[in-house]
Structure formats: structure tokens, C-alpha cells
Amino acid sequence: MSLIKELSKKAAQAAQILSVLDEIVKNAVLLDMAKSLRENTTGIIEENGKDLVNAKNNSLSDAMIDRLTLDQERIEAMAEGLETVAILPDPVGVERDLGTRPNGLQIRKMRVPLGVVCMIFEARPNVTADAAGLCFKSGNAAILRGGKEALASSLYIANILQNVLQKHDLPRELISVVPNADRVLMQELMEQKDYIDVIIPRGGEGLINYVTENSKIPVIQHFKGVCHLYIDKEADIETAINLLVNGKTQRTGVCNALEGLLVHEDIAKEFLSIAGAILEEHSVKVNSCENSSKYFNNATVINTDGFGEEYLDLEIAVRILPSVEAAMEHIARFGSHHTEVICTKNELTAKRFQRTVDSSVVMVNASSRFSDGSQLGLGAEIGIATTKLHAYGPMGLESLTTEKYLVNGIGQVRA
């Protein structure tokens, strides 16, 4: 039996044990995992250092290196994520009553784990802990296939978590990391439909497309984040500037960072006169439409087809538009169903924007950086789904379960 097939089979067997594990036990394990991550901070940073050296030797982008880097603060965030998941309600076993049929059959639905969840990701070693914790609490075994960029970090983190599992007399196979980033092994992984129930890819456009096109297992896409901020004609200027600076400059290499700025023509002069100077102060490269270029020094003028890029850097595309309708049309064409933001004081405009824009997260007067599972109360997220089956937006515990019917009768037979 091949390495991948054996790994997948053992994960499926382990998942059967986890699916009926008591919530109290699961929470105790998660808290112990968080403690163990903190105790092994030095070792994690050392292993991550190996990945960073390789990344720099292979000339990875600054955005990729930022995603790859683990420091004490980020390891603490991983631990806190596990603790947050531990205190969240367990969705497994939760029932809802669908009533009684005329023939006396009592119908209920109960939440159950998906089974085995396979995560395929790139330079995000923190995903190892985040995904493992969420899968564990929701009753799923996790198979994690990280990119070669994060392999040393991922293996080390997984080993810490596996040791905690063994300490609690649970199988290590509940959390597995593919020990080799060879694409041939990834292809074999995507063929294990007898053992793996769903694949969730997180990474660049190329990875998402490759997994979607080649997997024999259902895929939940976590596509790129082309997020826009629309400044309405009735926006508060100070609020708008704060949303722009936070969304674009706080952390550029993440999927909820702003990539597009849309401005209503009635407020463009007032807003962009200020925004232009502030973006320059933050060293943000501006790609602009012809009408907005005069508000920036050294802006690159782009045509309409030039919009819709995910820069993951200190770079943004700016366009002046005549109406909220035009802004929504732009988003429909160039957005990626991730996160869209409107800044406005008009409640009717805000409600219309939220109702109309087809995106997994639509915000009013709040930074795009809040489009995150932990910020939205889910604990550590497994990702942000940009397709609508079977989840849409940040995926927490409930998104990692499904429902089965429970039918109780007293001997009824169908006529």
C-alpha cells in the first residue's frame, strides 16, 4: 500500500473514533494543544527559520515570506485560536426538530462530522494548527498537505499536536501531514475518494485551479481575495481614510487586504486629495483610471481590463465611478466573492449594497481586515470559502459538519 493511501486509510479509521468523542474530552485536548504550542515556541521558531532560509534562497516574494513567518506573537495567536475553539459550542450531535408527519413519523436532523478533511495549502504554517483544531473539535480527521515552503514548520507543529493526542489515548492519525511536498503525492492524495470526504485548498490562484480541475474528491474553493472599498458620495471622510489605510497597509499579504478602491465622483476631489497623500506616505503604488490619476504622484494609468488584480503588496487599483450602481457592477465583474466594503452614512444605500453585492462578506463602515473567522466569532477559521457549496465565507466549526436525518416511527410501512 502506498504512503498516501495508507495515510488516508488510517485517517478515515481514526475519524470514526473522533466522531463520537465527548465534547469535554475534545476541549481538554485542545487546551492541552495550546499549552504545548506555547511550551515549544523556541523549537517552532527554529524550524520556521529553516523554511525562511529556503524561501529567501528561492527568492520568494515579500508577501509569501510574510505568510510563512512565525514569531512569538503569531504562535501565541495559534494557541489562542485553539483555546477559542475549545470554548465554542460543539456542533456535533446538535439536533433540530422538523415535526411529525401525518402518518406519525417523527423527523429530526442531527449535525455530524464530514469525516476526513484534507487541507492543501501553501506558505501558511499556522494553518497546520488552525485546521487541526477546527477539524478536531468538529469531529473530523485532518490530512494536511502544506507547500514545500512551510514543510519543516508544518511537520514540527503537527508533531506537537500529535503528541498531545497520544497523551490523551487518541490516535496520532487524527492529524496527519503529508511528509513530502512532491506534486505526484498531491495528485495521489486527490484520488483517495474512498477515504477522504472533502478537499479544501488555500493558496494562490494556480493551486486552487489545479486542485479543482484534478481532484476526484469534492472541493471547497478558497479563492483569491480581490477586496474593494467603495467610498459613497455620502461617506464620512475620516472614516473612509481610516478604512483605506487599515485595509491596505496593516498587512498586505493576506486575502482580506484591500486591492481596489472605488470612489463616487461627487466626493472624489475631497477624498482623493487626502487619500493620495496618505497612500504616498505609506509607499503604496497606485494603479488608477484616467480620471483619478491627477490625485496621485507617479500613478500608473490602467484601462478597464487592468482592474481585478490581487496584488498582495503595497499596491492598489483606484477608479472613480458615477454611482453606487456602477460600483456594484465593477465589483460583480472584478471581485472574487471574498469581501467588499462600503463607506457611507446613508442607511438605505448601505442596505442596498449589502443585499445586492454577491460576496461572502459584505461590510458597512468596517475594515475588510475583519473578514476573518476569529474576528467574526468563529474561532480559528479553516479558510474563507468563495464558492457557495457547501459553505460561503469564513468557515468555522459548523461549516465542517453536515446534517443527517433521524426518523422515528412506531412500525409504519409505506402504502
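The legends below describe close-up views of a predicted model.

**View 1. Four strands form an open sheet with parallel pairing.** Across the sheet the strands follow the order S5-S4-S3-S6, and the edge strands, S5 (175–177) and S6 (198–202), each pair on one side only. Neighbouring strands are turned against each other by 20 degrees on average, direction ignored. Strand S3 (residues 116–121) pairs with S6 in the parallel sense over five bridges, and within this part of the sheet Val117 stands opposite Val198 in S6.

**View 2. Helices H1 and H7 lie against the strands.** Helix H1 (residues 3–18) packs on the sheet and touches S3, S4 (141–145) and S5, with its direction making about 150 degrees with that of S4. Helix H7 (residues 151–167) lies across S3 and S5, and runs at about 155 degrees to S5.

**View 3. A salt bridge joins the side chains of Glu76 and Arg38 (2.8 Å, N to O).** Because Glu76 belongs to helix H5 (residues 72–87) and Arg38 to helix H2 (residues 23–39), the pair ties together parts that are 38 residues apart in sequence. Glu76 counts as partly exposed at 28% relative accessibility, and Arg38 is also partly exposed, with a relative accessible area of 30%. Arg38 and Glu76 are linked with Glu83 in a network of salt bridges.

**View 4. Glu95 and Arg108 meet through their side chains in a salt bridge (2.7 Å, N to O).** This pair links distant parts of the chain, with Glu95 in strand S1 (residues 95–100) and Arg108 in strand S2 (residues 106–113), 13 residues apart. Glu95 is partly exposed at 41% relative accessibility, while Arg108 is partly exposed with a relative accessible area of 22%.

Terms used. Residues numbered from 1 in each chain as written. Predicted model: local features only at pLDDT ≥ 70, side-chain atom pairs only at ≥ 80, totals over all residues. Heavy atoms only, no water. Pairing = 2+ DSSP bridges. Helix = DSSP H or I, 4+ residues; strand = E, 2+ residues; numbered from the N terminus. Axes fitted to C-alpha atoms, helices over the stretch in contact; angles between N-to-C directions. Contact = heavy atoms within 4.5 Å. Salt bridge = Lys/Arg side-chain N within 4 Å of Asp/Glu carboxyl O. Buried < 20%, exposed > 50% of the residue type's maximum accessible area, 1.4 Å probe, protein only.
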